[in-house]
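Welcome! Please have a look at the model first.

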Amino acid sequence: MLRITQPKAREPMSPDSQLDEVLAGSLTRLREGDKSARDEILEVCNERIRELSSRLLGKFAKVRRWDNTDDVAQNAALRLYRALNETVPDSPRGLMGLMATQIQRELIDLRSEEHTSELQSRVDI
């Protein structure tokens, strides 16, 4: 016996999958030479950069003592902007990896600056 069933209603896309689609399109445009796609990527990723900066900052207690999430996120966004001029990730996931790398580099640099400043203050005493 042949059964006729109703096609399943397409589930609405999750916010993450919508974001991934937008990012995938922007990455494609950037790969094709559209430099304005970098601005769009940073605009779309702004909240993710801030959230990840906050999470990673928690692992850098000495940096957290002097710098806040917004400082780290802003500097990491600038690093990401420059990095996207040099390399274009293949996917939104690759972009998230590049973003995390830039945040970590910012935190490491801030930690090094704090360490240097701390040593300098000991010498000045």
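## Salt bridges and a buried glutamine

R29 is partly exposed, at 27% relative accessibility; buried means under 20% relative accessible area, exposed over 50%, and partly exposed in between, using a 1.4 Å probe and protein chains only. This is a predicted model, in which local features need pLDDT of at least 70 and side-chain atom pairs count only at pLDDT 80 or more, while totals for chains, interfaces and linings use all residues. Residues are numbered from 1 along each chain as its sequence is written, and side-chain values use heavy atoms, leaving out hydrogens and water.

The whole structure holds 5 salt bridges, each a side-chain nitrogen of Lys or Arg within 4 Å of a carboxyl oxygen of Asp or Glu. Among them are these:

| Pair | N to O distance |
|---|---|
| D34 and R29 | 2.9 Å |
| E40 and R29 | 3.0 Å |
| D109 and R79 | 2.4 Å |

The pair of E40 and R29 links helix α2 (residues 36-57) with helix α1 (residues 15-31), the two residues being 11 apart. Helices are DSSP runs of H or I, at least four residues long, numbered from the N terminus. D109 in helix α5 and R79 in helix α4 (residues 69-86) are 30 residues apart. D109 is partly exposed at 36%, whereas R79 is buried at 17%. Shared partners join R29, D34 and E40 into one network of salt bridges.

Now to the glutamine: is Q102 buried or exposed? Q102 counts as buried, at 5% relative accessibility, and lies in helix α5 (residues 92-124). Beyond its neighbours within four places in sequence, Q102 is in contact (heavy atoms within 4.5 Å) with A76, R79, L80 and A83.
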